[in-house]
Amino acid sequence: RSVYDGEEHGRFMEKLEARIRNHDREIEKMCNFHYQGFVDSITELLKVRGEAQKLKNQVTDTNRKLQNEGKELIIAMEELKQCRLQQRNISATVDKLTLCLPVLEMYSKLREQMKSKRHYPALKTLEHLEHTYLPQVSHYRFCKIMVDNIPKLREEIKEVSMSDLKDFLESIRKHSDKIGETAMKQAQQQRNLDNIVSQHPRISGGKKSKKEGCASSELEVKNTSPMSEQDSGILDVEDEDEDEEVPGAQDLVDFSPVYRCLHIYSVLGARETFENYYRKQRRKQARLVLQPPSNMHETLDGYRKYFNQIVGFFVVEDHILHTTQGLVNRAYIDELWEMALSKTIAALRTHSSYCSDPSLVLDLKNLIVLFADTLQGYGFPVNQLFDMLLEIQDQYSETLLKKWSGVFRNILDSDNYSPIPVTNEEVYKKIVGQFPFQDAELEKQPFPKKFPFSEFVPKVYNQIKEFIYACLKFSEDLHLSSTEVDDMIRKSTNLLLTRTLSNCLQNVIKRKNVGLTELVQIIINTTHLEKSCKFLEEFITNITNVLPETVHTTKLYGTTTFKDARHAAEEEIYTNLNQKIDQFLQLADYDWMAIEPGSKASDYLLDLIGFLRSTFAVFTHLPGDVDVHSTMSGKVAQTACMSACKHLSTSLMQLLLEAEVRQLTLGALQQFNLDVEECER
C-alpha cells in the first residue's frame, strides 16, 4: 500500500527487477552444479525402463502360463464352493424340517381325526398344535396359513359336534316310546316280583320305594367316555321276545354324542351356550311329546304310546342328570316334570271323558298306575296322578252304571215273570248257590217244585256282585286304605241300586200292557231281593275286610230300593184294577125310565164281580211275610179290595148323579138297588 500510495512506484519496480535477476543467477549456478547428476540419473532411468520392459514381458508370460495352469483348479474350487454351499443349505433344511415335520404330522393327524369324526381327540390335537408346535415355526408361510385356519377348524368341530347332538336329539325323540316301553316293562316286572313276594294284592300302603331294577343311579352306558375315539350308533334298538329278560333302558341308548359335545364346548369355553341349546331343544321336544294325538281315547294303544314317550323322555333326562355335571340340574328337571304333569293330567281328563267302555277305562287306570309307578321309581312325585285316578274312578262308576243299566234291562225284558220250576236236586242246588234262599218247607217238597221268585232274582243278584267286583278291580294299586276301598264300593253300589236298578224296575212296572200276574211276581221278586241285601253287605265286608260297624261305613240302600219298587207295583195293581172297573162301567146301560125292575143284577156288574173274584185269587200267590205288622197277601189283597170297592161305589154314585139323568122311575131305582145289593153280597 505504501508503494501504491507513494511516489516511488517506479523505483520499487526497478528494485524488484534487480532482485529477480539476482535469483535467476543463483538458480543457474545451482543447476550448473547439479546438471551432471541429473544426466546420470536420466541415463539410469532409461536403463531401468528397458529392464522393466523385460520384467513385464516375463511377468505377462508367467501370468499366462499360470492362468492356463490354474483353470482346472478354479473350476474345481468353484465346484467345491458350490458343494459347500449346498451342504450348508441341506443342513439348515434338515434342521428346519426337523421342526416342521411334527407340525405337519400333527396337522395331518388333525385332518384324519376330523375326517373320521373323532372330534374330541381332534380338538386336543388342535390345542397341542397351536400351543406347542406352531410357535416354534411361526415365521413360515404355511404355518401362518395353519394359524389362520385354527379358528375355522374350531368352528367346524363345534358345528359337526352340534350336528351329532342334533342327530342324537332327533333319534331320541323318535325312539322315546321304545325307551319308555322298556322302562315300563321293567317297572311291571318289579311290581310282579313285589306281588309274588307279598302274596297279596296291594290295596293299602304308602309310597313305593325306588325300584332297584330301574334306579337311575345304576344306569350304565356303553362308550360314555368323552375320550372314546370310536363313535358307536346313537341307538341300538331291537325287538325283545316277551319271554326274554327286558333290557335296561340304558342299554338302548348311546349317550356319547352328548358327552363329546359337552366336553368339546367346555374346552372351547362355550359350555353355557351348549347347556342353553340342549335345554331349549329338550323343552321343545317335551312340548311335542306332551301333545296327545286327537284320537288317543279310541284305543288303549294310543294311551300306551303317549305314556311311553313321556317316560322315555324323562328316563333320558334322569340319566343325563346323573351322568353329567350340570348339563341339566334338579330344578330344570322339576320344572319340566311340573309342566308334564299338568299337561298329562289335563290331556287324560279330556280324553278319558270320551270313553264309554268300562273295560277300556279299567285298562287305562292300570296303565296310568304303571306309568306313575315307573316315574316314581326314578324319583318323580306322582301324587297328582293318583288324585286324578280318583276322579277317573267316578267316571268309571258312571260307565259301569250305564253298562249295568243295559244288563238289567235285558234281564227284566227277557224274564217270564213266573216262578222258577225245578225238576231235580242238581238244578235246585245250582239256583240256591246263585241266590241266598232258604225255605225249609220248600226243601221238604218233592220234585218237581217251584221257587217263589222268577229267574230275574238270581240274575240281578249275581250282576250286583259282578258290579262290586268291577268296582274292586279299579281300586287295586291306588294306594288306598281298606276303609277307602270299602267306602268307594258301597257308594257305587248304592248308586247302582237306587238309580240304575230302581229306574229299570220302575220302567218295567210302568210300561204299557203289564199284567196283574207280572206285577204280583215283581212284588214277590223284590221281596226276596230285599232280604238278600244283608248278604250283599256281608259280601262287601268279606272282600274289603272292613266291618259294617266301623265308624263312617256307608250302608247299602238296597232295602229302600226294593221297597219303593214293591210299593210302585202295588200302586200299579190298584190303578190297573180301577181302570178295569171303569171299562166294565162303560158297558152299564140303565133305562132310567123303566117301569119294572129286572129279576137279577145287571149283566155288566155280574161280569165285573166275576173278574174281581178271579183277580183276587191271584193274590194267594203272594209270599207270606213281607211287612213286620201284617202279611203281604192280606195287606195287598185288602188294600186292593178296599180301593176297588171305593172306586166302584164312587163310580155308581156318579152314574146316578149324572147331569144327563133328569128323571128316573121307581123301577129303575129298584134295578139299581139290585146291583148295589149284589156288590154288597
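## Aromatics, a core and a buried Asp

One aromatic cluster here is made up of Tyr 428, Phe 435, Phe 437, Phe 447, Phe 451, Phe 453 and Tyr 461. This is a predicted model, so to speak of local features takes pLDDT of at least 70, side-chain atom pairs count only at pLDDT 80 or more, and totals for chains, interfaces and linings use all residues. Residues are numbered from 1 along each chain as its sequence is written, and side-chain values use heavy atoms, with hydrogens and water left out.

**Aromatic pairs**
- The structure holds 25 aromatic pairs, meaning Phe, Tyr or Trp (six-membered) rings with centres within 6.5 Å; planes under 30 degrees apart are stacked, over 60 edge-to-face, the rest tilted.
- Tyr 428 and Phe 447 pair edge-to-face, at 6.3 Å centre to centre and 80 degrees between the planes.
- Phe 451 and Phe 453 are stacked, with 5.3 Å between centres and 25 degrees between planes.
- Phe 451 is buried at 1% relative accessible area; buried means under 20%, exposed over 50%, partly exposed in between (1.4 Å probe, protein chains only).

**Asp 415**
- Asp 415 is buried without a salt bridge, and Lys 459, the nearest oppositely charged side chain, is 6.0 Å away; a salt bridge needs a Lys or Arg side-chain nitrogen within 4 Å of an Asp or Glu carboxyl oxygen.
- A polar side-chain atom of Asp 415 lies 3.1 Å from the backbone nitrogen of Tyr 417.

Key
Lys and Arg count as positive and Asp and Glu as negative; His and the chain ends are not counted. A polar contact is a pair of N or O atoms within 3.5 Å; within protein, one must be able to donate a hydrogen and the other to accept it, and residues adjacent in sequence count only if both atoms are side-chain atoms.
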